[in-house]
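Reader: I'd like to learn how to read a model like this one feature at a time. Could you walk me through it?

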Amino acid sequence: MKKLKIMGVGLILALFVAAGCNNQNSGNSGALSNKSAAEKAYVAPGEYDEFYAFMSGGFSGQLSVYGLPSGRLLKVIPVFAQDGEKGYGYNEETKPMFNTSFGFVPWDDAHHPELSQTNGETDGRWIFINGNNTPRIARIDLTTFETTEIVEIPNSGGNHSSPFVTENSEYVVAGTRFSVPVPQKDVAINSYKDNFKGALSYIKADEPGEMKVAFQILVPGFDYDLAHSGKGKSHGWTFFTTYNTEESHTLLEVNASQNDKDFIAAVNWKKAEEYLAAGKGKDFPTSYVHNYYDESTHTATSNTVETVKVLIPSECPGLIYYLPTPKSPHGVDVDPTGEYIIGNGKLSADLTVHSFTKMLAAIENESYEDEIDGIPVLKFEDVIAGSVQSGGLGPLHTEFDGKGNAYTSFFISSEVVKWKVGTWEVLDRQPTYYSIGHLMIPGGDSKAPSGKYLVALNKITKDRYLPTGPEMNHSAQLFDISGDKMELILDFPTIGEPHYAQAIPADRIVPNNKKFYPISENEHPHAVKKDADVRVERDGNVVRIYMTSIRSHFSPDNIEGIKVGDKVYFHLTNLEQDWDVPHGLSMMGANNAELLVMPGQTETLLWEPKFEGVYPFYCTDFCSALHQEMQGYIRVSAKGSNVPLKWSLGED
Ligand code: RUQ
Ligand code: CUA
C-alpha cells in the first residue's frame with residue numbers, strides 16, 4: 001500500500017518536472033526585439049521611476065529596493081544579515097539588532113516584504129519582512145530606509161506565513177511553518193502527533209518600538225505556509241494555508257501529499273481580542289527578544305519578554321475555522337473587495353476560490369463536517385465560490401489589478417495566468433523565464449492595487465543573462481498589464497532570492513524622505529558635536545576615541561599612547577549637515593567592517609590592536625576631491641609601555 005502511494009506521487013512529480021523542462025529548453029524565447037516594449041520600461045537619465053519595488057533578499061537576509069519600470073537597483077537595505085557595506089551588524093550600535101533567545105544570529109532567510117497599510121491601502125510608513133529560519137519579523141522605516149526593529153516569534157519554527165498585515169497595520173501575523181513541541185522539550189521525533197503543535201501569532205505593529213506578540217493561538221501540528229488578512233467586509237479575519245495535515249515528520253514529499261484536501265485556517269482576530277479582554281488568554285512562560293533602534297541615540301537596545309498570551313481554540317468558540325482546500329495549498333490571497341479567498345493548491349491545476357459570505361453563513365448554520373482539536377471544519381461545498389480551471393500546473397500565488405482581474409503564478413508550467421474574478425474564466429497567459437514563485441502588482445494584495453505593472457519573481461534564470469559560473473542570479477520580469485494582454489517589457493537580475501516583493505507609488509514615500517540627521521538632535525551618549533570636544537580617554541585597557549569627520553579630515557588624525565591588548569572604541573560623529581555626504585572609517589587590522597556614518601549620526605567601531613607599530617585609518621566613502629587625503633595614523637606601543645595618550649590634528 002505504502003509503496004503504491006510512493007509510486008503515485010513519484011509519477012505526478014515526474015510529469016511536473018517534464019512540464020517545467022519544456023520552458024527551460026526553449027532557449028532564448030521571450031527575447032524582446034520590440035521598440036515599444038523598451039520605451040515602456042525606459043526612464044530617462046535624471047528622471048525618477050514611478051514606483052518603488054521592495055524585493056526580499058531570500059537567503060541573503062536583506063531587502064533590495066528597485067525602481068519600476070526601469071528595474072534600477074536603488075539600495076540594498078540590510079535587515080537580518082551583517083553588511084560590511086554599511087557596517088550594519090558590525091558597529092556597536094547595530095549589533096543588538098541580531099540578539100535572539102539563541103544569542104547573536106547575524107543571518108536569516110527573508111521571504112515576504114509587506115508594506116504597512118491604512119484602510120487597506122499601502123501608506124508608505126514602514127515595510128515589514130519575515131526571518132524564516134530563527135523566527136523573526138523586522139520593521140524598516142521608510143523615511144530612512146533603515147531597519148529599526150526586529151522581534152523574535154516564540155513557539156515557532158520556520159516563520160514563513162508572515163508578516164502579512166491587517167487593514168490598518170494593527171497586527172502583522174506569523175504562522176509557524178514547522179510545528180514544534182510547545183513549550184520546547186526533549187521528545188522522540190516520532191511522538192510528533194502527541195507532542196508537536198502549531199502557533200499562529202499576532203504581533204502588535206502600529207507603534208514603532210512597541211512590537212510584541214499580542215497573542216498566539218495554539219493549533220494542531222500542521223505546517224502553516226502562507227497568510228493574508230481580510231479587508232473590507234472580511235476585515236477582522238486572517239486566512240492561513242496549511243499543508244501536512246497528515247502530521248507527518250518524515251519524507252514529507254510523499255507523506256504530506258496523502259490527503260486530498262488540506263485546510264485554510266480562518267481566524268477571527270477581533271474575536272481573539274474579545275477573548276483576551278475577557279481574560280481567556282493563558283500566560284505561557286517563554287523567552288523572546290525584541291530589538292529596537294532608536295533614531296535619536298542612533299543605537300539599538302534589546303529586551304527579553306518572558307511570557308506570551310495563548311488562546312486555546314477549544315476554549316474559545318468562534319475563534320478559528322478550517323476551510324477544506326485541495327491539494328497542499330501554498331499561497332492564500334484575498335481579492336480587493338475582501339469577498340474571495342483564493343487557495344493555490346500547489347499539487348493541483350485548478351484554483352479554489354472560497355466565498356467569505358458563504359463562510360459566514362456556514363458558520364451561522366453550524367454546518368460542520370468535522371472538528372479537530374476544537375476547531376470546526378466547514379464543508380467544502382458550503383464555502384466554495386468557484387474554481388479556476390487554469391490549464392496550468394503548480395499554482396502558487398495570486399495578485400489583483402483592481403480592475404476585476406486576478407493573476408496567478410504557476411511554478412511548474414512557468415507562467416502567469418490572468419483570470420476574471422467572479423466568472424473564473426481564463427483571459428490570458430504568458431510564459432515566464434523561468435520557474436516563477438511569487439508575482440507582484442504594486443498594491444496587488446491591498447484594497448487599491450495600481451494595476452499597471454506586474455513583476456514575475458523567478459527562481460531559475462539559466463540562460464537569460466551572461467553566464468556567471470555555476471551560480472546565476474535569480475530574476476525579475478516586468479510585464480505591462482494595462483491592456484487586455486500582458487506584455488513582457490523587461491528582465492533584470494535580483495539579489496539573493498526574491499521570494500516576494502511589494503511596490504508602492506513613489507509619491508507616497510518621497511515627501512517623507514529624510515536627507516540627514518540634525519546634529520542638534522543627536523543624543524548618542526558618545527557623540528561629539530564640535531571639534532573642541534574631540535578627545536581620547538583611557539579607563540584601564542578601554543580607550544575611547546571621541547572623533548569627528550567633516551570634509552576632508554578626521555579630528556583627531558594622529559593618536560599615540562594606544563597599547564597592544566587595548567580595546568579601542570572609535571566613536572565617530574559625522575558633522576556634515578547635507579544630503580548624501582556620509583564618511584566611512586576603516587582601521588587597518590581591525591577584525592571588523594568599516595563604519596559608514598550618515599550626516600549627523602554617531603557610530604562606533606571596536607578595534608583590538610595586536611602588534612606594536614603605526615597603523616593608518618582612512619575614509620572609505622568618496623566624499624570630496626580631497627577624500628584620498630582623509631586619513632590618519634595611530635601609534636601602538638607595547639603592553640605596559642609608558643608612551644602618553646596624545647591626540648592632535650594639524651600639529652607637527
Ligand atoms: S514562498 S514561491 Cu512566499 Cu517563501 Cu511562495
Ligand atoms: Cu570622507 Cu571620504
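Predicted model: local features only at pLDDT ≥ 70, side-chain atom pairs only at ≥ 80, totals over all residues.

Reader: Let's start with the overall layout. Which domains does the assignment give?

Author: The domain assignment has domain 1 at 51–512 and domain 2 at 522–648. The C-alpha centres of domain 1 and domain 2 are 43 Å apart.

Reader: How many residues of each domain are in contact with the other?

Author: On the domain 1 side there are 14, and they touch 16 residues of domain 2. Between them, domain 1 and domain 2 bury about 1,200 Å², with 47% of that on carbon and sulfur atoms. In domain 1, the residues that lose the most area to domain 2 are Glu 92, Glu 93 and His 298, which together make up 36% of what that side buries.

Reader: Let me zoom in on Met 440. Which residues is Met 440 in contact with, leaving aside neighbours within four places in sequence?

Author: Among them are Ala 53, Leu 68 and Glu 399, then Tyr 453, Leu 454, Val 455 and Leu 457. Tyr 500, Ala 501, Gln 502 and Ala 503 are also in contact with Met 440.

Reader: Now salt bridges. How many does the rule count?

Author: The count comes to 26 salt bridges. When you read one, look at the distance, then at where the partners sit, then at their accessibility. Take Lys 447 and Glu 167, whose side chains meet at 3.7 Å, N to O. Lys 447 is in the loop between β31 (436–440) and β32 (453–458), while Glu 167 is in the loop between β10 (159–161) and β11 (171–176), so the pair ties together parts 280 residues apart in sequence.

Reader: Are Lys 447 and Glu 167 buried or partly exposed?

Author: Lys 447 is partly exposed, at 32% relative accessible area, whereas Glu 167 counts as buried, at 8% relative accessibility.

Reader: Where do Lys 514 and Glu 295 lie?

Author: Lys 514 forms a salt bridge with Glu 295, with the closest N and O atoms 2.6 Å apart. Lys 514 lies in the loop between β35 (501–505) and β36 (535–539), and Glu 295 in the loop between β18 (282–294) and β19 (299–311); the pair links distant parts of the chain, 219 residues apart. Lys 514 is partly exposed at 33% relative accessibility, and Glu 295 is partly exposed at 26% relative accessible area.

Reader: What about Glu 415 and Arg 429: how far apart are their closest N and O atoms?

Author: They're 2.9 Å apart, in a salt bridge. Glu 415 is in strand β29 (residues 415–420) and Arg 429 in strand β30 (residues 426–431), so this pair ties together parts 14 residues apart in sequence. Glu 415 is buried, with 9% relative accessible area, and Arg 429 is partly exposed at 33% relative accessibility.

Reader: Which residues are linked in a network of salt bridges?

Author: Lys 40, Asp 480 and Glu 487 are linked that way.

Reader: Let's finish with single residues. Why does Thr 100 count as buried?

Author: Buried means under 20% relative accessible area, and Thr 100 has 7%. Thr 100 sits in strand β4 (residues 99–100). A polar atom of the Thr 100 side chain lies 2.8 Å from the backbone oxygen of Gly 103. Leaving aside neighbours within four places in sequence, Thr 100 is in contact with Val 105, Thr 134, Arg 136, Glu 152 and Val 289.

Reader: And where is Lys 271?

Author: Lys 271 is in helix α5 (residues 269–277). Lys 271 counts as partly exposed, at 27% relative accessibility. Beyond its neighbours within four places in sequence, Lys 271 is in contact with Pro 317, Gly 318 and Leu 319.

Methods
Residues numbered from 1 in each chain as written. Chains lettered and ligands numbered in written order. Heavy atoms only, no water. Contact = heavy atoms within 4.5 Å. Domains from an automatic or database assignment. Buried area = accessible area lost by both parts, 1.4 Å probe. Helix = DSSP H or I, 4+ residues; strand = E, 2+ residues; numbered from the N terminus. Buried < 20%, exposed > 50% of the residue type's maximum accessible area, 1.4 Å probe, protein only. Salt bridge = Lys/Arg side-chain N within 4 Å of Asp/Glu carboxyl O. Polar contact = N/O pair within 3.5 Å; in protein donor to acceptor, adjacent residues only side chain to side chain.
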